[in-house]
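Subject: Handing over a structure

Dear colleague,

I am passing on to you the structure we spoke about, with the sequence alongside. Please have both open while you read the notes that follow.

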Amino acid sequence: MATETTIVRAPSVDLKLEVVVIPVSDIDRAKSFYGGLGWRLDADFAVGDAFRVVQFTPPGSPSSVHFGKGITSAAPGSASGMYLVVSDIEAARAELIRHGAEVSEIFHRTGPGQPPVSGRHPERGSYRSYATFSDPDGNGWLLQEVTERLPGRVDAGATTFTSGAELASAFRRAEAAHGEYEKQLGHRDEDWPNWYAEYIVREQAGERQPA
């Protein structure tokens, strides 16, 4: 006689990426570099001579970086492909250069897996414009401009911004799109606040924009 099997599923648990460890050869040099970029220093503590950890958080980032002594066996400078997502790559690049980073020229890709092409993506396609820089050990960072998330990438029920600058960029994109909408209307849209709100929420969720 067959018996019914009941499968008990564990409740969903958030797994939030909190820290990325980067290997460096000179802790104080790395601390000076990342502090010079304007990243927030969260911690710097040691336990004897064998352990020291320094934590920095990039502006507007929910995740931080660790480096120090006794926290990784990876070779200094071996970290690469660490993404820093920005809403305006030209402004982000200029800001990093102003703080002493040597940032590459901006380049873009016409599609996934396509070769790099000089300059920002002509239509400012989301996920398509990049620039790179490294810390003194050679750990590599990649700037990527993201203005509209892929569908399913974010919770459609939650719209959040990690900084005032990111929200301001969203308002500027909504303003430009709304200007085109008003041209179609042929008159001023009195309900523009709701149009802006819907545009920004849909953009972040990767949904079709209001007509």
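Before anything else, please keep in mind that this is a predicted model.

The structure holds 13 aromatic pairs. Phe 45 and Phe 51 make up one of these pairs, which is tilted, with 6.4 Å from centre to centre and 45° between the planes. Another pair is formed by Phe 133 and Trp 141, whose ring centres are 6.4 Å apart; their planes meet at 15°, so this pair counts as stacked, since the cut-off for stacking is an angle under 30 degrees.

For orientation, the protein has four helices and nine strands, and from the N terminus the elements follow one another as β-α-β-β-β-β-α-β-β-β-β-α-α. Of the 211 residues in the protein, 35% are buried.

The strands around β8 and β9 are where I would look next. β8 and β9 pair in the antiparallel sense over six bridges, and within this pairing Ala 131 has Leu 143 of β9 as its bridge partner, while Phe 133 stands opposite Trp 141 in β9. The stacked rings of Phe 133 and Trp 141 therefore belong to residues that stand opposite each other across these strands. The hairpin of β8 and β9 has five residues between the strands, and there Gly 138 takes a positive phi near 100°.

β8 also pairs with strand β6 (residues 107-108), in the antiparallel sense and over two bridges, with Tyr 130 of β8 as the bridge partner of Phe 107. Tyr 130 has a further neighbour, for Arg 109 lies over the face of its ring, at 5.9 Å from the ring centre. β9, for its part, pairs with strand β5 (residues 82-86) in the parallel sense over five bridges, and Leu 142 in β9 is the bridge partner of Tyr 83.

Which way do the residues of β9 point, and are they buried or exposed? Gly 140, Leu 142 and Gln 144 point one way, Trp 141, Leu 143 and Glu 145 point the other way, and all are buried. In a regular strand, side chains alternate between the two faces of the sheet.

The loop between β8 (129-134) and β9 (140-145) contains Asp 137, which has a relative accessible area of 18% and so counts as buried, the cut-off being under 20%. With which residues is Asp 137 in contact, leaving aside its neighbours within four places in sequence? They are Pro 23, Val 24, Ser 25, Asp 26, Arg 29, Pro 76 and Gly 77. Two of these contacts involve polar atoms of side chains: the side chain of Asp 137 makes a polar contact of 2.5 Å with the side chain of Ser 25, and one of 3.2 Å with the side chain of Arg 29. Pro 76, although 61 residues from Asp 137 in sequence, is 6.2 Å from it in space, C-alpha to C-alpha.

Lastly, helix α3 (residues 164-185) has 22 residues and reaches 31 Å from its first C-alpha to its last, close to the 32 Å expected at 1.5 Å a residue. Its buried residues are Ser 169, Ala 170, Arg 173, Ala 174, His 178 and Tyr 181. An α-helix has 3.6 residues a turn, so residues three or four places apart point the same way. After α3 comes Gly 186, which has a positive phi, near 85°.

Key: Residues numbered from 1 in each chain as written. Predicted model: local features only at pLDDT ≥ 70, side-chain atom pairs only at ≥ 80, totals over all residues. Heavy atoms only, no water. Expected span 1.5 Å × (residues − 1). Buried < 20%, exposed > 50% of the residue type's maximum accessible area, 1.4 Å probe, protein only. Phe/Tyr/Trp six-rings, centres within 6.5 Å; stacked < 30°, edge-to-face > 60°. Lys NZ or Arg CZ within 6 Å of the ring centre and 35° of its normal. Contact = heavy atoms within 4.5 Å. Polar contact = N/O pair within 3.5 Å; in protein donor to acceptor, adjacent residues only side chain to side chain. Pairing = 2+ DSSP bridges.
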